[in-house]
Amino acid sequence: MDDVVVERVLRAVEQVPRGRVVSYGDLASLVGIGPRQVGSIMKVYGGNVTWWRVTNASGDLPEPLREPARVRWAEEGILMKPNGLGCRIAEHRADRAALAGAYERVTADLPAPAG
């Protein structure tokens with residue numbers, strides 16, 4: 001895994017505001033990689049960032065993360081869907097334009113993405 005790509009993903013996650021979520025695809029668009037690659041990075045390296053603010057496109061989380069996320073979401077005002085699989089992403093998604101601006105600022109010191 002490219003260390004710069006990992007750093008870009010982790011910095012992007014840290015820009016998601018409290019009480020908001022983004023999808024793997026939202027982050028992938030920012031960083032210029034695929035959503036599965038974002039998921040792989042989060043699985044391996046995401047434990048020290050605000051991982052509970054990253055969901056799939058439906059607002060759902062993998063089963064092992066649901067209960068720990070539920071507690072953090074409750075603290076941040078993110079409501080679980082009635083099915084308990086995640087949140088209604090449309091209601092809690094971060095402003096992607098603001099996120100893009102924040103991402104550009106916090107990654108300005110990193111090498112340009114390949115490609």
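Guide: Gladly; this is a predicted model, and the structure holds seven salt bridges.

Visitor: Okay, which residue does Asp109 form a salt bridge with?

Guide: Asp109 pairs with Arg11, and the closest N and O atoms of the two are 2.5 Å apart. The pair links distant parts of the chain, since Asp109 sits in the segment after helix 6 (96–106) while Arg11 belongs to helix 1 (residues 3–14), 98 residues apart.

Visitor: Is Asp109 buried or exposed, and why?

Guide: Asp109 counts as exposed because its relative accessibility is 56%, and the cut-off for that class is over 50%.

Visitor: Which residues are linked with Asp109 in a network?

Guide: Glu7 and Arg11 are linked with Asp109 in a network of salt bridges.

Visitor: Switching topic, what about Arg93 and Asp26, how far is it from N to O?

Guide: Their side chains meet in a salt bridge with an N to O distance of 2.8 Å. Arg93 lies in the loop between helix 5 (89–92) and helix 6, and Asp26 lies in helix 2 (residues 24–31), so the pair ties together parts that are 67 residues apart in sequence. Arg93 counts as partly exposed, at 23% relative accessibility, whereas Asp26 is buried, with a relative accessible area of 10%.

Visitor: And what does Glu76 form a salt bridge with?

Guide: Glu76 pairs with Arg53, the closest N and O atoms being 2.7 Å apart.

Methods
Residues numbered from 1 in each chain as written. Predicted model: local features only at pLDDT ≥ 70, side-chain atom pairs only at ≥ 80, totals over all residues. Heavy atoms only, no water. Salt bridge = Lys/Arg side-chain N within 4 Å of Asp/Glu carboxyl O. Helix = DSSP H or I, 4+ residues; strand = E, 2+ residues; numbered from the N terminus. Buried < 20%, exposed > 50% of the residue type's maximum accessible area, 1.4 Å probe, protein only.
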